[in-house]
Amino acid sequence: MLRRSLENRDAQTKQLQDAVTNVEKHFGELCQIFAAYVRKTARLRDKADLLVNEINVYASTETPNLKQGLKNFADEFAKLQDYRQAEVERLEAKVVEPLKAYGTIVKMKRDDLKATLTARNREAKQLNQLERTRQRNPSDRHVISQAETELQRATMDATRTTRHLEETIDNFEKQKIKDIKTIFSEFITIEMLFHGKALEVYTAAYQNIQKIDEEEDLEAFRNSLYPPDYSSRLDIVRANSKSPLQRSLSAKCLSGTGQVSTCQLRKDQQADDDDEEDEDLDVTEEEN
């Protein structure tokens, strides 16, 4: 009867030990993965800071509207990294650290298991010793009574440690479930807060980009290529590139309406003089 009770308690202890081992394994994995998640988030923040710096450097080389739009975008994006930094710190404090604390908690539970197993082994040992004593000296009541007393003490100690272990593991399971709910709730809340802020910041950043006036910046770019006195200077260059004959003809054509009329009158007068000379020649011929 006592041996069957020992076997039942051993099975119970094994189940409790498996529960502690399961938590130790999976909480350790969760802690490592969440810690890696936080580190990657921190690295993403660092890369985003580099991106902000590069956008600002590039913006300083651009046209006014594009420059202002990019700088406003960079300001919003930098603000987002402040929220990301807060996310990293909260995840570290509310998720990673509580999971990490289970390393110490599990170690304490293993110590309780070890004490219980030690008491169980002592009880089993005393039971075996009592059975051997009864077999070897069935008539020696003093020795048998002493062995029974030792077994009774061992059984009481084992029962006490077992009851303590049961209470401890029960509290452990209760706290584990509560902590899991708290940790994952904190994780979701932290991520929701960040992504809510991120949506606001990205909306503002998008609006800043959309406000960039393309036509105005294109006009500014063209003006930088073609300054206001560009046309007059172009005419001068064209005039200087003409041959001497082209410049002479252009000067005559541009001298005015009066000069054109004078040239025409001279041509008409020369024509009249030629006609009069022809008439004089005809008269002379007729007289002869």
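F27 and Y102 are both buried, where buried means under 20% relative accessible area, exposed over 50%, and partly exposed in between (1.4 Å probe, protein chains only). This is a predicted model, in which local features need pLDDT of at least 70 and side-chain atom pairs count only at pLDDT 80 or more, while totals for chains, interfaces and linings use all residues. Residues are numbered from 1 along each chain as its sequence is written, and side-chain values use heavy atoms, with hydrogens and water left out.

**Aromatic pairs**

- The structure holds seven aromatic pairs, a pair being rings of Phe, Tyr and Trp (its six-membered ring) with centres within 6.5 Å; planes under 30 degrees apart count as stacked, over 60 as edge-to-face and the rest as tilted.
- The ring centres of F27 and Y102 lie 4.5 Å apart with planes at 50 degrees, so this pair is tilted.
- F27 belongs to helix 1 (residues 2-59) and Y102 to helix 2 (residues 64-136), so the pair ties together parts 75 residues apart in sequence; helices are DSSP runs (H or I, at least four residues), numbered from the N terminus.
- F34, Y37, F184 and F187 are linked into a cluster by ring pairs.

**Nonpolar cores**

- The largest nonpolar core has 23 residues, and V95 and L99 have the most contacts inside it; such a core is a set of buried Ala, Val, Leu, Ile, Met, Phe, Trp, Tyr and Cys residues joined through side-chain atoms within 4.5 Å.
- Helix 1, helix 2 and helix 3 (141-210) each supply at least two residues of this core, and the largest share, nine residues, comes from helix 1.
- Not counting residues up to four places away in sequence, L99 touches F27, L30, C31, F34 and I183, contact meaning heavy atoms within 4.5 Å.
- Another core, of eleven residues, lies apart from the largest one and has V52, L70, F77 and A198 among them.

**Salt bridges**

- A search of the whole structure finds seven salt bridges, each a side-chain nitrogen of Lys or Arg within 4 Å of a carboxyl oxygen of Asp or Glu.
- E24 in helix 1 and R110 in helix 2, 86 residues apart, form one of them, with the closest N and O atoms 2.7 Å apart.
- E24 is partly exposed at 39% relative accessibility, and R110 is partly exposed at 28%.
- E76 and K79 meet in a salt bridge at 3.5 Å, N to O; the two are three residues apart in helix 2, about one helical turn.
- E76 counts as buried at 15% relative accessibility, whereas K79 is partly exposed at 36%.
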